[in-house]
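Take a look at the fold below.

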Amino acid sequence: MPNFAFINNKFINFKSAKIHIEDRGLQFADSVYEVIAVLDNNLIDLDFHLKRLKYSLRELEIKFTINKKNLNNIFLNLIKKNKTRNGIIYLQITRGIQFREHKYQKNLIPTLIVYTRNKSFNLPGKKFVGVNTITYQDLRWKRRDIKTVNLLPNIIAANMAKKKNAYEAILIQNGKVTEGTSSNIWIIKRNNLITHPANSDILKGVTRTSLLKIIKKTKLKLIEKQFTHKQLFNADEVFLTSSGSFITPILKIDNKKINNGKIGNITLKLAEMYTEACING
Ligand code: PDD
């Protein structure tokens, strides 16, 4: 358990950290969040995370002004206080506290919650693993580009994956893959690397954005296009990306092996290049 959290404007003992029962984040999921990876004490892709946070806040009209210097100070302090050399920073901003009513008042004071969790990552090397996944119906709302804590459909699907001893559920909408419950999904067919376009049907992942830059250095042809359930099963290689899982190979989907159940060469190479970019900036 971490020692400290940051709530609103102060560092506080993790166990004593509390929010109000009429906080709209609690009652309505009226709230946005970010998960930022910490690798060897470095914050990975901080600027992309803050840019997306700003977007989510703007789309929901939550009036929180992002001050990069302040947030960075809070993050670095927490990493130090909680000894989070490797792990994640969780940041959540709710619209604030108000008597319970769906309509929100204009000048609420947003609640800021930040804490860290230690975690070891799945990085290329001796311990690099691929994972088992399932497919599941995408039951979510139509603004998945906003990173809100409105995550019940994701949780139902993720829990189904857990029941089936799988790491992630790949969400399917009208026969097409959108993304994972907490990751973006990519398939490789010959020299083509295919992933869902960044529109309101998926979250534009920060890891996804970083990987797009890396792909430019390879001979792979990037195709940002919807792909079918069938294409998923027939892919040469499949992998997922997220701030918690970096690039993680997918070796099985609904009990069907991908690439004979082995980590593919292209996925491995991309994971190596991505990790290298994280370490060396
Ligand atoms: N989830 N799609 C969804 C629905 C997600 O929740 C996430 C991240 C991603 C990948 O985004 P990124 O590369 O920025 O982490 C895609 C975080 C890690 C979470 O909810 O824990």
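**Helices, ligand and one glutamine**

H2 and H5 are oblique to each other, because their axes pack at an angle of about 130°, and angles from 65 to 115 would count as roughly perpendicular while those over 145 would be roughly antiparallel. Keep in mind that this is a predicted model.

Start with that pair. Helix H2 covers residues 46-59. Helix H5 covers residues 206-215. Their axes are 9 Å apart. The crossing of H2 and H5 is right-handed. On the H2 side, the contact uses Phe 48, His 49 and Arg 52. On the H5 side, Val 206, Thr 209, Ser 210 and Lys 213 meet them. By class, these residues are 2 nonpolar, 3 polar and 2 charged.

Now stay on H2 and turn to helix H3, residues 68-81. Here the axes come within 12 Å. They cross at roughly 120°, which makes H2 oblique to H3 as well. This crossing is right-handed. H2 contributes Leu 46, Asp 47 and Leu 50. H3 answers with Lys 68, Leu 71, Asn 72 and Phe 75. The contact of H2 with H3 holds 4 nonpolar, 1 polar and 2 charged residues.

Next, the ligand. How many residues surround it? There are 18. The closest are Tyr 33, Glu 179, Val 206, Thr 207 and Ser 243.

For Tyr 33, a polar side-chain atom lies 2.6 Å from an oxygen atom of the ligand. For Thr 207, an N or O atom of the side chain is 2.6 Å from a ligand oxygen. For Ser 243, the corresponding distance from a side-chain N or O atom to a ligand oxygen is 2.8 Å.

Finally, find Gln 173. It sits in strand S8, residues 168-173. Which residues does Gln 173 touch, leaving aside its neighbours within four places in sequence? The contacts are Asp 138, Arg 144, Thr 178 and Asp 201. With Asp 201 there is also a polar contact, side chain to side chain, at 3.5 Å.

Methods
Residues are numbered from 1 along each chain as its sequence is written. This is a predicted model: local features need pLDDT of at least 70, side-chain atom pairs count only at pLDDT 80 or more; totals for chains, interfaces and linings use all residues. Side-chain values use heavy atoms; hydrogens and water are left out. Axes are lines fitted to C-alpha atoms, for helices over the stretch in contact, and angles run from 0 to 180 degrees between N-to-C directions. Helices (H or I, at least four residues) and strands (E, at least two) are DSSP runs, numbered from the N terminus. Angles under 35 degrees count as roughly parallel, over 145 as roughly antiparallel, 65 to 115 as roughly perpendicular and the rest as oblique. A crossing is left-handed if the near helix is turned anticlockwise from the far one by less than a right angle, and right-handed if clockwise. Contact means heavy atoms within 4.5 Å. Ala, Val, Leu, Ile, Met, Phe, Trp, Tyr, Cys and Pro count as nonpolar, Asp, Glu, Lys and Arg as charged, and the others, Gly among them, as polar. A residue is near a molecule or strand if one of its heavy atoms lies within 4 Å of it. A polar contact is a pair of N or O atoms within 3.5 Å; within protein, one must be able to donate a hydrogen and the other to accept it, and residues adjacent in sequence count only if both atoms are side-chain atoms.
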